[in-house]
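Here's a quick briefing on how the chains of this model meet and what sits inside them. Have the sequence and the 3D view open as you read.

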Number of protein chains: 4
Amino acid sequence: MSTSPVRTDTEAREEQTARGLVCELLRLFYEKEWVTGTGGGISCMVPGRGLLLAPTGVHKERVRPDDLFLVEPTGDGVIERPADPALRPSECHAIFSAVIRQRGAGSVLHSHALSAVLAADRATDDTLSISRFEMLKGIAGTRNDETHLVPVIANTPREHQLSDQVEAALADPRFARSACVMVRDHGAYIWGRDIWEAKRHAEVYHFLYEGLTRRTP
Amino acid sequence: MSTSPVRTDTEAREEQTARGLVCELLRLFYEKEWVTGTGGGISCMVPGRGLLLAPTGVHKERVRPDDLFLVEPTGDGVIERPADPALRPSECHAIFSAVIRQRGAGSVLHSHALSAVLAADRATDDTLSISRFEMLKGIAGTRNDETHLVPVIANTPREHQLSDQVEAALADPRFARSACVMVRDHGAYIWGRDIWEAKRHAEVYHFLYEGLTRRTP
Amino acid sequence: MSTSPVRTDTEAREEQTARGLVCELLRLFYEKEWVTGTGGGISCMVPGRGLLLAPTGVHKERVRPDDLFLVEPTGDGVIERPADPALRPSECHAIFSAVIRQRGAGSVLHSHALSAVLAADRATDDTLSISRFEMLKGIAGTRNDETHLVPVIANTPREHQLSDQVEAALADPRFARSACVMVRDHGAYIWGRDIWEAKRHAEVYHFLYEGLTRRTP
Amino acid sequence: MSTSPVRTDTEAREEQTARGLVCELLRLFYEKEWVTGTGGGISCMVPGRGLLLAPTGVHKERVRPDDLFLVEPTGDGVIERPADPALRPSECHAIFSAVIRQRGAGSVLHSHALSAVLAADRATDDTLSISRFEMLKGIAGTRNDETHLVPVIANTPREHQLSDQVEAALADPRFARSACVMVRDHGAYIWGRDIWEAKRHAEVYHFLYEGLTRRTP
């Protein structure tokens, strides 16, 4: 990734806005119970700079703009770290990078919502089929009269061990329209071309997860 | 519709109050999960001016007073658009107009609540029957000892394609007391003679939707 | 009731504090979905002055201190009305008075919570039996190892028509420890010796209602 | 316990910060419905000073920093009481002390959440088995591929009567990794090495309680 060596005032302001927005959405997602127990998070591209990433193991609703890491969007390096030496970057980095590489995402989030776990329980083999919901139209390029297929992968002891399965799911043509990968017993990765689309997709998918668990088949 | 060519200070203040209230209720409805994923919305008449309408495809809890369109209440024209050229008026316009024409509503809202989808699943053919709820008294002209009939129409790929079915439901004498039309797999349109009655009706109907899904028949 | 003809500054301050607290709790109860759709409410004694009572038919979370009525706690008269001539006192007045007369309550509230309706569905005849909940200790004079009996009365078309049934339930020795009367399909009246005990009882009973509906018998 | 007879400015500031944080978390837990009806609470060690403890029988979301007691962390004495003579220390003191003594906890909380009651209903004898949840990793020293065993004890008429059962559960090697003791029909005690780990554990366990009640076995 090429990052500009000299930052203009405008670029610095854009980065500060993005840092503030990431923290605001972490608080919103905490209230929705998607990122409780220090789990979950959201990343966001800052053009010309890198990918903003929250620290691991911290209460996500309390993350402040200066606590965020700047990391390589499609690699595994850290570009800039927060001043607090105790902070380490989220374990999600490898998976977020895979989504950015394979889908061109500008923002990827990781949810630990109970509804995602319960919906994954209803998957057949490695696929969750979703149909008969207007909300499907909230997923980019998707109609409300199609059957939307979402990949469901098996959980692993450590988060980075999920990468191979995530990459396979992203490459699977059956899931070309899916903007999420679900992990059994665990949660979901959801993305969009920018942070606003990622937020919309997250609201849509969580609605669908909850709907699937409450709707009689 | 006739709109006054000259606006007095009082009229301008009234319009600003209405714009602020629409945005405040959008935030409230977002918290209630009636308008997540950029879906849903609420419209409100400004006497002598037109109908305030939110833009389509935006996060509804973040709409600001100056983002609203002023459109013809019973036609399909735009009277005044927001400064931001990227904004387009909500696809709900045609349906909101039908409700205003046929029911004399002063405010119409569109909900994407999951409870509306789940309650519609319990409809028999094109009708949801609701009885044995004190909350029925919250619907204008309705007693708590009657069986309240609500129309349930089929969903369509595009929102404006719902218009014919909505118009037929509004004209159906069985549904004369209903202040809502439900759309299968989708949500509901709910209205009132002004924005406060629309808000009351929305709270009452969502209570009834949730009650129907949790109550053993 | 005797009300003091001359009010001291201290008394005036106490009344303003009570008016503010009633409005704050109405907002809290609205968030908890106990008083949505303009239904429900809470009353509070102001010593030497009368009973503070919300207006009927208004959005309860938007009631302001000066919108409250002062009414006779054990009679049916209005002592002081708000300046707005459109406001009428809550229909709950007769029932609140019955509870104050027969139980010496200092605050009575009326809930339209869905959990109250669902719990009443589980009553046998006119009684809901509650046991095996630590929360029972939150009801004044009640242990966690007793079976707590709550009266459940039938709903009526108008709220004041409930009075006879409420008075009979309050006088029934089986329900001597109950701090609530439930109304089928409708909700519950809950009280305490002051507004803080009424709030505690309301939180305890709503916990129990929800617990009864979710617990396998 | 030895407490320093002279307090430095830094120590005084640390204590004020801890008092403020306890009150902030009480408000958060109230919103989550873990401490409604005046029940439940959280305690927190202030190094060199003692254990901060909320008063009993008060609305927990309204506790202010100066309302907290300072008590002996591993004994039963009160070190410093709030100015208000009506306040009495929480009945949880004996149990919190047992957890601090046996597990070296720096913060212990008591939840009255309905999900804890419902999850305890699913226990076999004195044990709740939890597996197949990524969230298990949020419990210190626990993997997501193990079966996590949590002790469930019987409720008693008075809270201090639970102490013997709590002490036995804490000493039971089967429950060495558990950071909670559940009480049937009542709730749970949850702890951590400091207040932040206690908060994380509380969020994790409540997620698991709710998950167990909603997941098909």
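Chain B and chain A bury about 1900 Å² between them, with 49% of that on carbon and sulfur atoms; buried area here is the accessible area (1.4 Å probe) that two parts lose on being put together, summed over both. On the chain B side, B:His59, B:Arg62 and B:Leu114 give up the most area to chain A, together 29% of what that side buries. Keep in mind that this is a predicted model, where local features need pLDDT of at least 70, side-chain atom pairs count only at pLDDT 80 or more, and totals for chains, interfaces and linings use all residues. Residues are numbered from 1 along each chain as its sequence is written, chains are lettered from A and ligands numbered from 1 in the order in which they are written, and side-chain values use heavy atoms, with hydrogens and water left out.

**Where B meets A**

- The contact set is 24 residues of chain B against 23 residues of chain A, contact being heavy atoms within 4.5 Å.
- Seven salt bridges turn up across this interface, a salt bridge being a side-chain nitrogen of Lys or Arg within 4 Å of a carboxyl oxygen of Asp or Glu.
- One of them pairs B:Glu210 with A:Arg214, with the closest N and O atoms 3.1 Å apart.
- Helices (H or I, at least four residues) and strands (E, at least two) are DSSP runs, numbered from the N terminus.
- That side of chain B splits into six nonpolar, nine polar and nine charged residues. Ala, Val, Leu, Ile, Met, Phe, Trp, Tyr, Cys and Pro count as nonpolar, Asp, Glu, Lys and Arg as charged, and the others, Gly among them, as polar.

**Where A meets D**

- Here, 24 residues of chain A touch 23 residues of chain D, and the two chains bury about 1900 Å² between them.
- The interface of chain A and chain D has seven salt bridges, including A:Asp185 with D:Arg132 at 3.4 Å between the closest N and O atoms.
- Chain pairs that don't touch include A with C, where the closest C-alpha atoms lie 14 Å apart, and B with D, also with 14 Å between the nearest C-alpha atoms.

**Salt bridges to look up**

- Over all chains, the count comes to 88 salt bridges.
- A:Glu24 and B:Arg62 make one at 3.1 Å, N to O. This pair runs from helix H1 (residues 9-31) of chain A to the loop between strand S2 (50-53) and strand S3 (69-71) of chain B.
- A:Glu24 is partly exposed at 32% relative accessible area, and B:Arg62 is partly exposed at 28%. The cut-offs are under 20% for buried, over 50% for exposed and partly exposed in between (1.4 Å probe, protein chains only).
- Within chain A, A:Glu197 meets A:Arg193 at 2.3 Å, N to O. A:Glu197 is buried at 8% relative accessibility, whereas A:Arg193 is exposed at 59%.
- Shared partners link A:Glu24, A:Lys199, A:Glu203, B:Glu61 and B:Arg62 into one salt-bridge network.

**Inside the chains**

- In helix H4 (residues 163-171) of chain A, A:Ser163, A:Val166, A:Ala169 and A:Leu170 are buried. Down the axis of H4(A), these buried residues fall within an arc of 125°, so they line one face of the helix; the arc is that of the directions from the helix axis to the C-beta atoms.
- On the other side of H4(A), A:Asp164 and A:Ala171 are exposed.
- B:Leu212 belongs to helix H5 of chain B and is buried at 15% relative accessible area.
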